[in-house]
Amino acid sequence: ACVARLLAQAKGDATSQWVLGHCLEFGSEFAAGLSVNKTEAALWYNRAMSQGHVGGAFNMGICYFNGIGGPVDLARSQELLLKACQQGHLGGQIKLGECFEKGLCGVQDEPLAVALYRRAAEQGYAKGQVRLGLCYERGA
């Protein structure tokens, strides 16, 4: 019943589309009977993103980074993670910070990574605090 309701809601609701994508990517006890299908998850994340859902943009950035639902596209990944950051998505700030810290999307920019981690840390996000602390420990 939950899966049927979620599928019905997902037809026009961006948040439901994002939730369905998450269930398809990782599985979920409240969506029993729904098999993990990362390719289909990317389609639902994309639908959510196209309606302006920040989580959809973040998850599509991760999909492009990891080649889920299509080939790896680091430039598109960085573009979508930046879009999520600009909308205040804390996970986007961390992932984009990692990309700049390690040069994962083609450009290494440690000061920008530190700024992204600091932005997340100042909002109380534990991952941002840890990443920022590690950068300070290294002298960044």
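Student: How many aromatic pairs does the structure hold?

Tutor: Rings of Phe, Tyr and Trp (its six-membered ring) pair if their centres lie within 6.5 Å; planes under 30 degrees apart are stacked, over 60 edge-to-face, and the rest tilted. Here there are zero such pairs. Before we go on, a note on the source: this is a predicted model, where local features need pLDDT of at least 70, side-chain atom pairs count only at pLDDT 80 or more, and totals for chains, interfaces and linings use all residues. Residues are numbered from 1 along each chain as its sequence is written, and side-chain values use heavy atoms, leaving out hydrogens and water.

Student: Which charged residues sit over a ring, then?

Tutor: The test is that NZ of Lys or CZ of Arg is within 6 Å of the ring centre and within 35 degrees of the ring normal. Arg-47 has its charged end over the ring of Trp-44, 4.3 Å from the centre. Lys-95 lies over the face of Phe-65, and the distance to that ring centre is 4.1 Å.

Student: What secondary structure does the chain have?

Tutor: Helices (H or I, at least four residues) and strands (E, at least two) are DSSP runs, numbered from the N terminus. This chain comes to eight helices and zero strands. Its C-alpha trace spans about 55 × 30 × 25 Å along the principal axes.

Student: Which residues of H5 are buried?

Tutor: Buried means under 20% relative accessible area, exposed over 50%, and partly exposed in between (1.4 Å probe, protein chains only). In H5 the buried ones are Ser-77, Gln-78, Leu-80, Leu-81, Ala-84 and Cys-85. An α-helix has 3.6 residues a turn, so residues three or four places apart point the same way. The cover over the buried residues of H5 includes helices H3, H4, H6 and H7.

Student: Which residues touch the most other members of the largest nonpolar core?

Tutor: A nonpolar core is a set of buried Ala, Val, Leu, Ile, Met, Phe, Trp, Tyr and Cys residues joined through side-chain atoms within 4.5 Å. The largest one has 19 residues, and Leu-81, Leu-96 and Tyr-117 touch the most other members. H4, H5, H6, H7 and H8 each supply at least two residues of this core, with the largest share, six residues, coming from H7. There is also a second, separate core of 13 residues, including Leu-24 and Tyr-45.

Student: Is Gln-17 buried or exposed?

Tutor: Gln-17 counts as buried because its relative accessible area is 2%. This residue belongs to helix H2. For its polar contacts, look for a pair of N or O atoms within 3.5 Å; within protein, one must be able to donate a hydrogen and the other to accept it, and residues adjacent in sequence count only if both atoms are side-chain atoms. The side chain of Gln-17 reaches the backbone nitrogen of Ala-48 at 3.3 Å and makes a polar contact with the side chain of Gln-51 at 2.8 Å.

Definitions and conventions: Contact = heavy atoms within 4.5 Å.
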